[in-house]
Amino acid sequence: MDNEISLDTSQKLVFDILKFYKNICDKNGLKYYIAYGTLIGAVRHKGFIPWDDDIDVFMPRKDYIKLVEIMKNLKGRYKLVSFEVNKKFTAPLPKIIDTDTILIQQYDLYERVNLGLYIDIFIIDNAGDSYEEASNFYRESYAAYTEWFKSDLKLFLNDKSKIHSILGFIKRLPYKIKGISHYLTKFNEVSEINKLKKTDYVAITNSGSSKVDKNIFLASDFGEGVTLEFEDFLFRAPKNYEKLLSVEYGNYMELPPKNKQVSHHSYKLYWNNSEKKC
């Protein structure tokens, strides 16, 4: 492949996905909130973090379920990629992708469907009416997540020697035998067990983090949200966004050192046309 897409162009393209997603949510009364680096970008830069093209959103489970049904009936450039709409996509992190692009990731997990540039959707699940109950819920959810993760890891890993990779693969064989779909289904069942309840605490169940304190919040921390500016548009943010950012990043207004002002993604991005397909 040639003609890799630049960071500036990538930012414009992924911002178009975010605007598409916002329009779908606004039109259908669905809640969402900008998240993680996107939220920092809005607060600190009123737009993208200059060295990054990442877009993340939070979405309550009940709204995500509605989004799945809406997106199933839409045709066009942007597509929801998730286990609910395509069983070949065996990851717990739904994405809305730009099908005019081809994205090739260099991670340790298998890619079984074609991806384009995307935004990630982090699911907010009802977790319990006390911090202890929510913590126990999150630990169960994360335990199921780690089982899925073990089932999906490649044989040879980027940061391991071949011998260590093979030994690790042998240890993971019981998970491989049961299969990725089994563990992903189990993870979803555990995570959405409270979907019909209204609880005082919520959890970000598909963050992939073992840190309970960074993934459990009061439902009121999200609430109806507030609007923040991002690239001259207004988007919904969690009501108590300062708390979420402080918990995740500490002093989020302080710029990282110059040598850390780099994108954390590991992928190549190209235009999706006959000349540039492999």
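**Salt bridges and packing**

Reply: Let's start with lysine 243, which is partly exposed at 31% relative accessibility. Keep in mind that this is a predicted model.

Me: Which residue does lysine 243 form a salt bridge with?

Reply: Aspartate 221, and the closest N and O atoms of the two are 2.7 Å apart. The pair links distant parts of the chain, with lysine 243 in helix H9 (residues 241–249) and aspartate 221 in helix H8 (residues 219–222), 22 residues apart.

Me: And aspartate 221, buried or exposed?

Reply: Buried: aspartate 221 has 3% relative accessibility, and the cut-off for buried is under 20%. Lysine 243, at 31%, is above that cut-off, so it counts as partly exposed.

Me: How many salt bridges does the structure hold?

Reply: There are 15 in the structure. One of them joins the side chains of aspartate 125 and arginine 61, at 2.7 Å from N to O.

Me: Where do aspartate 125 and arginine 61 lie?

Reply: Aspartate 125 is in strand S6 (residues 118–128) and arginine 61 is in helix H3 (residues 61–72). That means the pair ties together parts that are 64 residues apart in sequence.

Me: What does glutamate 192 pair with?

Reply: Lysine 195, in a salt bridge between the side chains at 3.7 Å, N to O. Glutamate 192 is partly exposed, its relative accessible area being 23%. Lysine 195 is also partly exposed, at 38%.

Me: Why would side chains like these pair up in general?

Reply: Side chains of opposite charge can pair when their charged atoms come close.

Me: OK, switching to helices. How do H4 and H7 pack?

Reply: Helix H4 (residues 131–152) and helix H7 (residues 180–191) pack at an angle of about 165 degrees, and their axes are 8 Å apart. An angle over 145 degrees counts as roughly antiparallel, so that is what H4 and H7 are to each other. The crossing of H4 past H7 is left-handed.

Me: Which residues meet there?

Reply: On the H4 side they include Phe137, Ala144, Tyr145 and Trp148, and on the H7 side they include Ile180, Tyr183, Leu184 and Phe187. The residues of this contact divide into nine nonpolar, three polar and four charged.

Me: While we're in H7, what about asparagine 188: buried or exposed?

Reply: Asparagine 188, which sits in helix H7, is buried at 14% relative accessibility. Leaving aside neighbours within four places in sequence, asparagine 188 is in contact with Phe83 and Glu84.

Me: Last one. Where is isoleucine 34?

Reply: Isoleucine 34 is in strand S1 (residues 33–35). At 0% relative accessibility, isoleucine 34 counts as buried.

Me: How far is isoleucine 34 from serine 266?

Reply: The two are 232 residues apart in sequence, and 22 Å apart in space from C-alpha to C-alpha.

Conventions. Residues numbered from 1 in each chain as written. Predicted model: local features only at pLDDT ≥ 70, side-chain atom pairs only at ≥ 80, totals over all residues. Heavy atoms only, no water. Salt bridge = Lys/Arg side-chain N within 4 Å of Asp/Glu carboxyl O. Helix = DSSP H or I, 4+ residues; strand = E, 2+ residues; numbered from the N terminus. Buried < 20%, exposed > 50% of the residue type's maximum accessible area, 1.4 Å probe, protein only. Axes fitted to C-alpha atoms, helices over the stretch in contact; angles between N-to-C directions. Parallel < 35°, antiparallel > 145°, perpendicular 65-115°, else oblique. Left-handed = near helix turned anticlockwise from the far one by under 90°. Contact = heavy atoms within 4.5 Å. Nonpolar A, V, L, I, M, F, W, Y, C, P; charged D, E, K, R; others polar.
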